[in-house]
Amino acid sequence: MKKLLLMSAAAALISTGAMAQSTVVTTGTGHAAAVQIEPEYRTKIRTYVTEHKVRPVETREKIVIGQPVPREVELEAVPADWGPSLTKYRYVYSGERVMLVDPSTRTVVQEID
């Protein structure tokens with residue numbers, strides 16, 4: 001009987017998790033946690049950068065995931081229409097890529113190309 005109850009509870013948890021939708025899922029630990037963005041928000045981000053003619057920053061070093069953005073690079077606020085889960089981040093536009101940055105560490109957590 002216990003086994004049946006446990007299996008029923010597990011099935012219920014799995015089915016409710018499948019129904020929930022989220023904009024952003026953060027996986028991993030530490031500074032290099034990966035942020036996953038749904039395709040519809042990726043499109044909004046690309047459109048925003050194009051429509052607002054965001055100028056790319058130029059740096060000596062390539063800006064990459066898991067590494068801090070140089071101090072001289074200004075981090076831009078993430079617009080609300082990129083999704084509510086992304087507003088805690090900042091962004092940098094570099095080399096035709098939008099890089100999401102954790103403002104507390106200045107570490108790049110996701111690249112949107």
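1. Let's start with the elements. The chain holds two helices and six strands, and from the N terminus on they run α-β-β-α-β-β-β-β. Please keep in mind that this is a predicted model.

2. Some overall numbers for orientation. The chain has 113 residues, of which 33% count as buried. Its accessible surface comes to about 7800 Å², with 55% of that belonging to carbon and sulfur atoms. If you take the contacts between residues at least 6 apart in sequence, 49% join residues at least 24 apart.

3. Now to the sheet. Four strands make up an open sheet, ordered S3-S4-S5-S6, with antiparallel pairing. Strand S3 (76-77) and strand S6 (107-112) are the edge strands, each pairing on one side only. Helix H2, residues 39-51, packs on this sheet and touches S4, S5 and S6; the direction of H2 makes about 95° with that of S6.

4. Within the sheet, have a look at S4 and S5. Strand S4 (residues 90-94) and strand S5 (residues 97-102) run antiparallel and are joined by five bridges. Ser 94, for example, has Arg 97 in S5 as its bridge partner.

5. The aromatic residues deserve a paragraph of their own. There are two aromatic pairs. Tyr 48 and Trp 82 form an edge-to-face pair, at 5.5 Å centre to centre and with 85° between the planes. This pair links distant parts of the chain, since Tyr 48 sits in helix H2 and Trp 82 in the loop between S3 and S4, 34 residues apart. Trp 82 also pairs with Tyr 91, this time in a tilted arrangement: 4.8 Å centre to centre, 50° between the planes.

6. A last point concerns Asp 81, which is found in the loop between S3 and S4. Which residues does Asp 81 contact, leaving aside its neighbours within four places in sequence? They are Tyr 41 and Lys 44. The C-alpha atoms of Asp 81 and Lys 44 are separated by 7.6 Å, although the two residues are 37 residues apart along the chain.

Technical notes: Residues numbered from 1 in each chain as written. Predicted model: local features only at pLDDT ≥ 70, side-chain atom pairs only at ≥ 80, totals over all residues. Heavy atoms only, no water. Pairing = 2+ DSSP bridges. Contact = heavy atoms within 4.5 Å. Axes fitted to C-alpha atoms, helices over the stretch in contact; angles between N-to-C directions. Buried < 20%, exposed > 50% of the residue type's maximum accessible area, 1.4 Å probe, protein only. Areas by Shrake-Rupley, 256 points an atom, 1.4 Å probe, with all protein chains shown as cover. Phe/Tyr/Trp six-rings, centres within 6.5 Å; stacked < 30°, edge-to-face > 60°.
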